[in-house]
Structure formats: C-alpha cells, structure tokens
Amino acid sequence: MLVLVAPGQGAQTPGFLTPWLDLPGVSARLAEWSAVSGLDLVHYGTEADADAIRDTAVAQPLLVAAGLVSARALFDDPAADIPRLVGAAAGHSVGELTAAALTGVLSETDAIALVRKRGLAMAEAAAVTETGMSAVLGGDHEQVVAHLTKLGLAPANVNGAGQIVAAGTAEQLAALADDRPEKARVMPLKVAGAFHTHHMAPAVAAMEDAVGALTVHDPHTPYVSNRDGQTVKSGRDVVRRLAGQVSNPVRWDLCMETFKALGVTALIEVSPAGTLTGLAKRALPGVKTLALKTPDHIEAARELIAEHAGPSAEQERSSR
C-alpha cells in the first residue's frame, strides 16, 4: 500500500523549482497559479534567495505549487490514477492543502488561492510578536514536553522519530537554547513565526472565512489529518480542520501510526522532498521511501508505484 505525503514550511530551498520547469506544461501551469496567488512563483522557485522564500506569505503557496507539479508528473491522469493507485495521502502543516488537492477535496486552483490567504494571515499574526520555532531532537518524550511547558513553549509539531518542534517567543526559544532537555539537541528552524500555537489564533478567523466559500468534495482517497492522525471522510470536515490547524499542534507521529495501521508498504514524498521521508525511515522500519526531489526521481517513483500500488486496509474494508 502506497502513501503520498507533502512537506511543510521549511522544506523549501533556493532554486528548488528550477528542474521542474523542464517538464511539459509546468511553466504554463505555474503562470496560471501565479495569477491566482498574485505571486511570481517561477521567480520565487528559481531565482529568489533564502530570505525571500522564508517569508510565510511566499513560502506556503510555493510549497503547495511545487507539491502539485511534482505529483502530477507521477500520474498520467491524477484524478483517476491517485484513487486507484494510492492508499492514503497526507501533508505536514501547509502540506495538508497539497494533500487536500491530491485527494480531490479542493481543486488545484482553490488550493493555491486558499494557501495564499493562509500565508498572508499567518504572516500577519507572526508580525505581532517576535516568535519562532526550534527542533528538539532526542530525549524522553514526556520529559521534553514537560521541559517545554516549564519554559512557556508549545510542542507545535510532534513529528515522531524522536523529534518535537518547540514554538514560542524569541526569549522563550533563547531560554531553551541555554537550558536544553536532558539528552536532547536543539536546532533553531528558519521559519518566521510560532506556527500551530496560540500566536496564530488571529489567522484562524481568516481561514474560517476563506474555507466557507469554497466548493468542496469528499476525498476520493483516504485523507489523514494532522489534528489527530485520523482518516477524514467528509470534505467539509477536512476544510474545517484546515482552518483550525494553523493554531493547533501538528501530530505527524499519529499520522505515521495511521499509515502503519492502514498497511503502508511504501511512501513517496512530493517536492521539495526529504524531511518526511527521513522521519518515515526512522518511524516506519521496513517501509520503502522515496523523496521526489527532482524530475530525475520520477522513473524510480513510478517503479515504486507499480510495485506497491493498491488500496489501503480501510479501502478494502469499505469495498466489502
């Protein structure tokens, strides 16, 4: 059983979109999505420097566009092939919007329009107070969470495989750097705010307004939610979760537990790939993984799809 996953903010690097422009139709598609988002996605994906694409309002549409472009390259007809070949799909943080488009909940155009509104709302919320995020690697899970709570920080991303992302004010993160949890390392992340915490509460109202006007469909492929790792069968429930998600923790650890329960045997991460496959290698031993970083990886990804395509355990139960 194959799982398709999409990365979140911080996965982008300068120029990462450049090789994808060599594929037929990609430039035209990005031009269309640039018009929808009001951003020159080609410029930001090929020429802009690290500081420019760190901007939340830029990074989020860029990530969703890249995920959709790279996923399209894997399937001759995504709308028909994904429900037939993919057992489940999920995204980490903003990658949830990529997953919503891949599973048919949203059109690609609506996903790009929504992620632009999301990025702007979260950037505005982040500008109120100087905040950020740091990865805490290793240590005992319960002790790490308790330590973060003591410092006033939130466990914004519980990623599994011994990784928790702490979020809070600059002062709180500085205190964490000086006072690390036992047996843990702390690595500051290049993101522009304390995402998935109460600091993002103002962005929730903007997202609720935005999703209310969308045309929504129930997912044609099991959609695994960041909120609790559960599969969500209602499209309207998916978009409600997308709205609340910006101020709630990402439970990627629970998503991976659900992949396991569904019978995952292979996982492909769409561009800009690497982060989620790294977590899967540690948390899902025996599952084959592939990071779709450039078009050079398409052939290997298609081979993996051919070998592992098929319904999830949940899809098989539903069909009986």
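Predicted model: local features only at pLDDT ≥ 70, side-chain atom pairs only at ≥ 80, totals over all residues.

Q: How many helices and strands does the protein have?
A: The protein has 15 helices and 10 strands. Both are DSSP runs numbered from the N terminus, helices being H or I with at least four residues and strands E with at least two.

Q: What about overall dimensions?
A: The C-alpha trace spans about 50 × 40 × 35 Å along its principal axes.

Q: How much of it is buried?
A: Buried residues make up 55% of the 320. Buried means under 20% relative accessible area, exposed means over 50%, and partly exposed is in between, with a 1.4 Å probe and protein chains only.

Q: And the contacts?
A: Of the contacts with a separation of 6 or more, 75% are between residues 24 or more positions apart. A contact means heavy atoms within 4.5 Å.

Q: Changing topic: what is the strand order in the open sheet of four strands?
A: The order is β4-β5-β3-β6, with antiparallel pairing. Two strands pair if DSSP finds at least two bridges between them.

Q: Which strands stand at the edges?
A: β4 (154-160) and β6 (184-188) do; each has a single partner strand, so one side of each is left without a neighbour in the sheet. The twist averages 25 degrees from one strand to the next, with axes as lines fitted to C-alpha atoms and angles running from 0 to 180 degrees between N-to-C directions.

Q: How many bridges join β3 to β5?
A: Seven bridges join β3 (residues 131-138) to β5 (residues 163-169). V136 stands opposite I164 in β5.

Q: And β4 with β5?
A: That antiparallel pair has five bridges, and G160 has Q163 in β5 as its bridge partner. The hairpin has two residues between the strands, and A161 takes a positive phi near 55 degrees there.

Q: What covers the buried residues of α13?
A: The cover includes β1 (2-6), β4, β5, α12, β9 (266-269) and β10 (288-291). The buried residues in α13 (residues 275-283) are L276, T277, G278, L279 and A280.

Q: How many residues of α11 are buried?
A: Eight of the 11 in α11 (residues 235-245), so that helix is largely enclosed by the rest of the structure. Among them are R241 and Q245. The buried residues pack against α6 (95-102), α7 (108-126), α10 (201-212), β7 (223-224) and β8 (231-232).

Q: Which residues form the aromatic pair?
A: W252 and F259, edge-to-face, at 5.8 Å centre to centre with 80 degrees between the planes. Rings of Phe, Tyr and Trp (its six-membered ring) pair if their centres lie within 6.5 Å; planes under 30 degrees apart count as stacked, over 60 as edge-to-face and the rest as tilted. W252 is buried at 1% relative accessibility, and F259 is buried at 0%.

Q: What does G91 touch?
A: G91, in strand β2, touches A6, E96, A99, N226 and W252, leaving out residues up to four places away in sequence. G91 is buried at 0% relative accessibility. G91 and N226 are 135 residues apart in sequence and 7.6 Å apart in space, C-alpha to C-alpha.

Q: Last one: where is V86?
A: V86 is in the loop between α5 (78-85) and β2 (88-91), and is buried with a relative accessible area of 1%. V86 and V3 are 83 residues apart in sequence and 6.0 Å apart in space, C-alpha to C-alpha.

Notes
Residues numbered from 1 in each chain as written. Heavy atoms only, no water.
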